[in-house]
Amino acid sequence: MSAFHFDIGARLLLSGLTILLVVLFFLDLSFGPVDIDVFAALKNLVTNQSHSQAEFILLEIRLPRALLAALVGAVLGLSGAALQGLLRNPLAGPGLIGVSNCAALGAIIMLYFGLATVHWSFLPLGGMLGALMSVVFIFFLAGRQSSMTGLILAGIAINAVASSATALALNFSDNPYAMSEMIFWLLGSVSNRSLSDLMITLPFMVVGSALILITKNFLDVLSLGEDTARSMGFAMERYKSCIIIGVACAVGAAVSVSGNIGFIGLVVPHILRPLVGHEPGRLLAASALGGGVLLLAADVAVQVLSPTQDLKLGVVTALVGGPFFLALVYRSRHDVI
Amino acid sequence: MNKLNAENLTLSINGASIVNDISFELVAGTMLGLVGPNGAGKSTLLKLLANLTTPSHGRCLVDDVPVSQLPRRQLAHTIGYLSQEATVNWPLKVRRVVELGRLPYQIGSRKMAQDDQAAIDAAIAKTEISHLLDRVVTTLSGGERMRVLLARLFATNPRIILADEPVASLDPYHQLHVMEILREHASHGGIVVTVLHDLNHAARFCDQLLLIDAGKMIAIGEPCNVLSVENVEKVYSVTIRCDAMPNTFTIIPHERIPHSY
């Protein structure tokens, strides 16, 4: 069986995903334990009229949640697409180079030492510091001119160290409350976050995404191999650094505020690839939108499934994403890619 | 004016010299064949010329400017490199693969302009792939894929083409087709340097041959002089039979000469 193409045209795909994103965003806003009139409350917020309970719920609870779901999903989808393009392997994901686990470790350390309760910003800052460390390790282990295999091996090593250190923190956690807090955080969620959490991580997500997006043409040319890409005037090392640092910034910021949310970065590019003619460059923007759509949809599902108990978003994406990915692999196992 | 110079090109890795002090000058209209046994350093020499590998000593110049000093973009417009591993990593449409050849001219995400389209059309015509444009490149045969990759290369409009074993895995029809396309590029005032294993193709299509063994240049010049019985037997360790024909000659490898270890 040859690879299938459902190229439906760039504009149609991107506008379709955008519409879906907006619809799901408002759907996500309208869910919650309390019934509020979302549009009326939004209007009041904008026109700065009476701030009643509805406006408070929207501003403090639902907007951060929906915005984070969209942004974190977008960042994960974009990073997954970029790494799959860079490594020319559809099984790559944002977790591959160790960024997610290092960001999680950074946040866990903040929780472990109780610094997260000192000031709210310590938790996301710790996560981003962890992500930064992973980049330092990658360049230290694999070097700027490393082969792709070297990069993957460095990622495996970093992942192993970060997850064992996380296990150590859980192991030595002296009270059950702190331990459950860490575990809940690790499961991944976008609920109970504030707009301040969003604002502190937003710049890193934006800068990281911009760094990734400027490699669009490079990723297309890289389809022809590293030597050919370089012979066509694309500096391999520079673009590779752009992607790794971009992914670390964006995913590090995302994980530091939401915890580990798996499979989005792996599944989204995989689903959308045939729709963009398998072009790694065009896949970037589509995967960003698709990631936002999928995580918003998952968050809506979480709220429908368990309106009272807080089912964690990361658990749902992993539960749904895992089998879904298995099915994709099974179906396309004889494909060229 | 249009020329390509190699000046004392040398590459040593951990003390072992892969390419050893190779110099030559090529002028517009020349097709140079790099010939020599496996592991002689042909591909490495080609990468040194393309500025994909940095030489330990010496330099490569295009129109008297060292390639390492040319801006990346400008070098990409001047030198086209056809890699030995003729793979495409994603199942892209053939049309898109050819369009990739215009990316060295693209700044930001500008749309294809008219001159881009003209270059693409010319490259498609030159390589005769118009019937393949809507196919998926990973489903093509080796010969078709090589022509598509050549079209990508021609879309960039390079004056100098460096091709690493472009016909190694092709059937006779496609071998001749690819060699003719490269020959035509040289005859129209370009420069072609290509690694070849088939000495008969080398003798027939190239103006000059460079025979290389263990990184050293054994001979350079017209095919009939470079591929002397003495040279070939020494470098390849095979006895050969030669048939001289008008304007050309054929070489048939006959028997191995046992190595004296």
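**Ground rules.** I am working on a predicted model, where local features need pLDDT of at least 70, side-chain atom pairs count only at pLDDT 80 or more, and totals for chains, interfaces and linings use all residues. Residues are numbered from 1 along each chain as its sequence is written, chains are lettered from A and ligands numbered from 1 in the order in which they are written, and side-chain values use heavy atoms, with hydrogens and water left out.

**Entry: the A/B contact.** I looked up how many residues take part. Chain A gives 31 residues and chain B gives 28, with contact meaning heavy atoms within 4.5 Å. The two chains bury about 2600 Å² between them. Carbon and sulfur atoms carry 61% of that area. Buried area here is the accessible area (1.4 Å probe) that two parts lose on being put together, summed over both.

Entry: I find 3 salt bridges between chain A and chain B. The term means a side-chain nitrogen of Lys or Arg within 4 Å of a carboxyl oxygen of Asp or Glu. A:Asp220 and B:Arg96 form a salt bridge through their side chains, at 3.0 Å, N to O. On the side of chain A that touches chain B, the elements giving two or more residues are helices H3 (53-87), H10 (216-222) and H11 (226-231). Helices (H or I, at least four residues) and strands (E, at least two) are DSSP runs, numbered from the N terminus.

**Entry: positive phi.** I noted two non-glycine residues. A:Asn192 has a positive phi of about 60°. A:Asn192 sits in the loop between H8 (176-187) and H9 (195-213) of chain A. B:Glu165 has a positive phi of about 45°. B:Glu165 belongs to the loop between strand S7 (160-164) and helix H6 (172-187) of chain B. Are they buried or exposed? A:Asn192 is exposed, at 69% relative accessibility. B:Glu165 is buried, at 15%. The classes are buried under 20% relative accessible area, exposed over 50%, partly exposed in between (1.4 Å probe, protein chains only).

Entry: Strands S11 (238-245) and S12 (248-256) of chain B run antiparallel, joined by 8 bridges. Strands pair if DSSP finds at least two bridges between them. B:Cys242 stands opposite B:Ile251 in S12(B). The hairpin has 2 residues between the strands, and B:Asn247 takes a positive phi near 70°.
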